[in-house]
Amino acid sequence: MAVADHSSLERSRPRRRPRLHVPSGFQVVLVLVGLAVAAAVVIPMVRLALWSWDEYGTGIPSYYWSDVFTDPVMQPIIVDTAILVTVSSFLATLVAAILAWLNERTDASIGAAGRVIPLIPFLMPAIALPLGWLFLASPNAGALNVLIRGALDGVGISLESGPLDVYSWQGLIFLYTVFLCGFGYLVISSSMRNLDSGLEEAATLSGAGPLRILFFIVLPALRPALITAFLMCLIVAVAMVSVPITIGTGANIHILSVIIVDLVANRTPPAYGQAFLLGILMLVPVLLAWALQRRSAARGRFAVIGGRASMGAHVRLGPWRRAVGRAIFLVYAFVAVVLPVLGLAYVAGVEFWSNTWPESWSPVGNVREALEDEVIRGAMRTSILLGIVTAVALVVVSQILSYGQRVFPGLGHLVDGLTKTPAVIAHVLLATALLVALGGPPFRLGGSVWLLFLAYFIFFVPFATVMTTGAQHEIGRDVVEAAKLSRASDSRTLLSVVTPLTRPALIGAFLLMFVLVSGETNGSLILASTDQPVVGFVMLDLYNFASYPKVASFALLITLVNLAAIAGFMLLLSGRGPGRRR
């Protein structure tokens with residue numbers, strides 16, 4: 001009997017080779033995009049950190065102790081900054097929650113208009129809002145003060161200044177709150193729409209009134225969204241320069257972000273190392289709020305939002321409460337848009353801004369002068385072009401990243417986390433890092449449009465991904481799975497299925513990014529130059545040189561351009577252009 005030669009059988013049997021997971025083309029693109037965004041943030045920050053180390057070395061702790069925490073000049077700046085950003089972020093979150101509740105959950109809703117009104121301030125350049133209120137409520141020459149003093153003179157009461165004073169703590173907090181409210185509304189309104197209406201119905205049956213339902217039922221149920229909204233408001237508030245540089249300086253209230261801009265833009269040579277060390281302090285409140293958000297989510301002590309539709313289950317406020325609720329929307333629109341635009345229009349129509357009411361008013365001459373100014377025209381061209389190009393890039397990249405989270409949850413969330421890193425770093429600090437890393441040799445991008453494009457992209461990619469991710473979450477899993485079963489590739493599913501279904505949200509994201517980029521001020525003060533001017537940079541320059549009628553005319557022009565551009569883009573992107581068939 002022959003004995004089988006097992007060794008020969010083993011050699012003749014085909015060996016199974018371990019399968020190697022070959023990443024798809026979409027996965028490769030996903031990883032490359034995430035790494036590119038992360039590298040664009042990390043490398044400049046490391047370069048700036050090394051610059052700081054070269055300047056201070058082991059003396060960094062003593063710098064913090066002697067020149068920051070025990071410095072009688074820096075101490076009030078840090079305290080004032082902490083108070084301002086915390087209080088205004090809290091108030092903005094509260095106001096946004098009330099507006100979202102009124103419009104999404106009560107019969108005081110005014111529908112689509114209610115969803116748009118909190119976002120209207122985004123149509124104006126960031127510096128236009130404080131300038132408009134400055135022209136209205138400046139203690140001596142503010143238009144409202146001039147009118148009020150004239151009325152009081154008629155009844156025998158004489159005032160030399162005031163009674164309104166935008167150069168105050170109240171003025172600063174008010175303007176911060178109005179500007180931040182839109183960011184909080186974006187977060188809270190979507191969660192409010194998905195809240196299970198059974199919570200409010202049960203509270204109503206128990207005899208609870210509308211305010212009790214709002215503060216003891218709805219807001220606690222939305223605690224994660226409220227904390228996220230507070231975090232977003234805090235990030236924007238910490239980095240804000242437009243309001244404190246126009247109002248805070250006049251009020252003798254100095255804020256950390258303005259100090260950093262001064263160290264980089266107005267010092268010769270620029271104090272990059274000192275700006276970096278001060279900028280690190282701006283991360284502290286953001287990280288504390290982020291830790292609070294994580295802790296709250298981990299505890300899970302909040303109501304779970306169910307899948308019950310909320311349509312038709314609005315809380316009935318009654319006639320007079322409904323009127324008050326709708327009046328709140330009108331008051332917000334009035335103080336956030338109507339009054340500042342009126343302030344800009346008032347100064348745009350006078351020859352000199354003074355404390356006497358003008359005998360004649362016409363904005364034609366000042367608007368024509370602004371249009372004929374080559375610097376202003378160049379700034380408008382550059383900002384609009386950057387707004388369009390950067391908004392397109394942001395929407396495309398964000399759509400890819402958001403889809404990556406759906407089809408590759410592990411890898412997608414890692415990449416999404418990398419792209420969210422710019423959100424926790426103040427724009428002025430990021431702009432400084434980009435200028436240090438890319439402004440000099442070998443890249444020599446300082447003052448170029450390419451550096452502005454890169455900076456704007458990094459600034460706003462976290463916001464764009466939030467919008468596209470939210471839009472894709474509204475698509476059911478069965479839709480994507482059906483495309484997969486039909487053997488469609490990831491890229492084909494994204495282009496042919498997901499993108500058409502999310503088209504309205506993508507259009508909204510593009511318009512918001514366009515407006516934010518074209519009116520950006522914080523990073524522009526550091527990265528723009530007289531050779532490559534942009535809107536925010538030129539407007540602040542005109543304000544510093546007291547060219548008030550011209551800067552007011554410029555702000556009005558930009559607001560009108562934004563309105564016209566948004567209307568045109570909506571017409572074109574919605575497929576209703578003149579060349580489209582119905």
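Student: How does Tyr548 count by relative accessibility: buried, partly exposed or exposed?

Tutor: Buried means under 20% relative accessible area, exposed over 50%, and partly exposed in between, with a 1.4 Å probe and protein chains only. Tyr548 counts as partly exposed because its relative accessibility is 22%. Please note that this is a predicted model, in which local features need pLDDT of at least 70 and side-chain atom pairs count only at pLDDT 80 or more, while totals for chains, interfaces and linings use all residues. Residues are numbered from 1 along each chain as its sequence is written, and side-chain values use heavy atoms, with hydrogens and water left out.

Student: How many helices and strands does the chain have?

Tutor: Both are DSSP runs numbered from the N terminus, helices being H or I with at least four residues and strands E with at least two. The chain has 26 helices and 0 strands. Of its 582 residues, 51% are buried.

Student: How is a pair of aromatic rings described?

Tutor: The description uses the distance of the centres and the angle of the planes. Rings of Phe, Tyr and Trp (its six-membered ring) pair if their centres lie within 6.5 Å; planes under 30 degrees apart count as stacked, over 60 as edge-to-face and the rest as tilted. By this rule there are 13 aromatic pairs. For Trp353 and Tyr548, the ring centres are 5.1 Å apart and the planes stand at 80 degrees, so this pair is edge-to-face. Trp353 lies in the loop between helix H15 (319-348) and helix H16 (364-372), and Tyr548 in helix H26 (residues 548-573), so the pair ties together parts that are 195 residues apart in sequence. Trp353 is buried, at 17% relative accessible area.

Student: Where do Tyr456 and Phe459 lie?

Tutor: Both are in helix H20 (residues 449-473), 3 residues apart, about one turn of the helix. Tyr456 is buried at a relative accessible area of 2%, and Phe459 counts as buried at 1% relative accessibility.

Student: Which residues touch the most other members of the largest nonpolar core?

Tutor: In soluble globular proteins, nonpolar side chains tend to be buried together. A nonpolar core is a set of buried Ala, Val, Leu, Ile, Met, Phe, Trp, Tyr and Cys residues joined through side-chain atoms within 4.5 Å. Here the largest core has 187 residues, of which Leu131, Tyr176, Met513 and Phe554 touch the most other members. Contact means heavy atoms within 4.5 Å. Leaving out residues up to four places away in sequence, Phe554 touches residues including Ile376, Met380, Val535 and Leu542.

Student: How many salt bridges does the structure hold?

Tutor: Side chains of opposite charge can pair when their charged atoms come close. A salt bridge is a side-chain nitrogen of Lys or Arg within 4 Å of a carboxyl oxygen of Asp or Glu. The structure holds 4 of them. One joins Lys550 and Glu369, whose closest N and O atoms are 3.7 Å apart. Lys550 lies in helix H26 and Glu369 in helix H16, so the pair ties together parts that are 181 residues apart in sequence. Lys550 is buried, with a relative accessible area of 17%, whereas Glu369 is partly exposed at 41%.

Student: Which side chains meet Glu374 in salt bridges?

Tutor: Arg377 meets Glu374 at 3.9 Å, N to O, and Arg381 meets Glu374 at 3.4 Å. Salt bridges that share partners also join Glu369, Asp373 and Lys550 into one network.
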